[in-house]
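This briefing covers a predicted model. The points below are grouped by topic.

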Amino acid sequence: MKARVIGISAFVAMMGFASAALAGPPVAITVKNQSPDAAEYYRIGDQAEETYQNASPKPDDVIESFDEDNYGVQSPLSPDVNYARVYYSANGTTCNFFTSYVALPGPGSSTFPNWNVDATPASNCTATIIDTDSLTGAWSVEFVID
Amino acid sequence: MAININPNAFSPSATGTRPAERAAVTSDARAAASTSSGTIVQDGVSLSATSRQLAQSAIQAEQRDASLTRSQLADEASRLRDQFSGNTYNEAAAVREVPDTDDPALLERAKQATDFTQSHGQRGTNPFANLSDDQLTLVMYDDSGSYTTNERRAAYLEQTDRRQDWKKSVVAAGMAEYKATGQNDKFFQNCIDYYEGLPPIEQAQYPVDYVERRQHWIENNKPYSGAPTINAIDR
């Protein structure tokens with residue numbers, strides 16, 4: 001997984017906004033703040049910045065306690081790749097959420113979808129894939145801050 | 001003092017106002033705000049204390065928006081939001097705040113806002129639940145003292161609820177659109193339309209090229225039918 005993330009990161013650097021033409025499948029993101037404090041949205045690094053630019057509608061800067069935010073992310077990287085990386089700080093912890101889709105090569109010219117999700121630290125942050133569509137690659141995730 | 005609450009006196013709709021309509025609203029507001037007595041009548045419409053405050057807020061917002069660059073307006077929005085949202089909101093101080101007025105309606109409104117915000121919406125009703133989206137923005141970003149911190153927070157919570165309802169539905173519709181067509185043209189257009197209906201201080205908080213990017217995607221993101229590129233990405 002790490003090698004693939006580095007690959008995506010390098011690809012982000014190569015692909016500019018002006019050259020974007022073919023988007024990967026969208027991911028619908030729900031962020032639930034179940035902590036007693038407000039969760040503040042952060043952007044750290046290229047992937048988080050790119051996610052912010054690719055998010056529609058724009059993520060809220062703050063998610064109040066026991067509230068949630070909803071947005072979609074679609075990357076113009078490639079039709080076979082999409083990812084989102086977001087950071088939220090609440091209750092003394094910064095959650096690092098990541099999710100990705102890659103169309104892996106199958107027999108002949110076929111591909112098969114591969115979705116991933118990750119959250120750190122695991123003690124306060126949970127990431128779950130809620131729904132996947134194998135036909136288009138579109139998927140939904142839920143990120144929870146405790 | 002006679003009070004006839006008519007908070008929608010300056011709003012043509014409860015779901016937001018286009019820029020041209022917003023200019024007309026501000027013109028009406030300027031006339032209404034010039035009167036400081038109790039209930040006044042303009043064009044047969046009885047104006048409440050809340051309506052007069054909103055009128056004054058509209059004038060101040062117009063002056064603020066005209067005097068700042070987009071970047072400065074974004075900074076100002078951030079400063080003002082810190083007063084009533086997130087972990088910079090000073091709950092203890094806000095509870096002690098009493099509006100500088102002897103108007104019983106305004107005193108009651110402030111109390112109602114504090115009850116509502118302190119109970120996280122579980123007790124009482126939001127005194128600004130009937131305002132339009134634009135009017136909620138006026139209340140939120142007015143730190144002149146017309147509204148208490150908890151009143152501004154109540155307006156913010158109402159706006160957040162409405163925006164989340166819209167975001168949830170527009171994202172769900174966008175996913176359905178993509179699964180059916182392989183494109184997100186309507187979804188991106190909905191996001192552009194929403195952005196273009198926002199007041200300047202809300203727009204300033206978006207990426208500068210928010211519309212340009214989505215317009216570009218509408219024009220260029222067509223269903224893909226070529227060979228997979230995964231090998232190039234994984235190297």
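**Helix packing in chain B**

Helix 7 and helix 8 of chain B lie roughly antiparallel to each other, because the angle between them is over 145 degrees. That angle is about 155 degrees, and the two axes are 8 Å apart.

- Helix 7 of chain B covers residues 149–181, and helix 8 of chain B covers residues 185–196.
- On the helix 7 side of chain B, the contact is made by B:V170, B:A173, B:G174 and B:E177.
- Helix 8 of chain B contributes B:K186, B:F187, B:N190 and B:C191 to this contact.
- Sorted by class, the residues in the contact of helix 7 with helix 8 of chain B are 4 nonpolar, 2 polar and 2 charged.

**Chain B overall**

- Chain B contains 11 helices and 2 strands.
- Read from the N terminus, the order of elements in chain B is α-β-β-α-α-α-α-α-α-α-α-α-α.
- Of the 235 residues in chain B, 37% are buried.
- For contacts in chain B between residues at least 6 apart in sequence, 66% link residues at least 24 apart.

**Antiparallel sheet in chain A**

- An open sheet of 5 strands in chain A has the order 4-2-6-7-8, with antiparallel pairing.
- Strand 4 (62–63) and strand 8 (111–120) of chain A are at the edges of this sheet; each has a single partner strand, so one side of each lacks a neighbour in the sheet.
- Strand 6 (residues 81–90) and strand 7 (residues 93–105) of chain A pair in the antiparallel sense through 10 bridges.
- A:V81 has A:V102, in strand 7 of chain A, as its bridge partner.

**Mixed sheet in chain A**

- Another open sheet in chain A has 5 strands in the order 3-5-1-10-9, and its pairing is mixed.
- The edges here are strand 3 (55–56) and strand 9 (125–132) of chain A; each has a single partner strand, so one side of each is without a neighbour in the sheet.
- Strand 3 of chain A runs antiparallel to strand 5 (residues 68–73) of chain A, and 2 bridges join them.
- The bridge partner of A:A55 in strand 5 of chain A is A:V73.

**Confidence in chain A**

- Chain A has a mean pLDDT of 87, with 86% of its residues at 70 or more.
- Over residues 1–21 of chain A, pLDDT stays under 50.
- For that stretch of chain A, residues 1–21, the model has 26 contacts beyond four places in sequence.

How values were computed. Residues numbered from 1 in each chain as written. Chains lettered and ligands numbered in written order. Predicted model: local features only at pLDDT ≥ 70, side-chain atom pairs only at ≥ 80, totals over all residues. Pairing = 2+ DSSP bridges. Helix = DSSP H or I, 4+ residues; strand = E, 2+ residues; numbered from the N terminus. Buried ≥ 20, exposed ≤ 12 C-beta atoms within 10 Å, placed from the backbone. Contact = placed C-beta atoms within 7 Å. Axes fitted to C-alpha atoms, helices over the stretch in contact; angles between N-to-C directions. Parallel < 35°, antiparallel > 145°, perpendicular 65-115°, else oblique. Nonpolar A, V, L, I, M, F, W, Y, C, P; charged D, E, K, R; others polar. pLDDT = per-residue confidence, 0-100.
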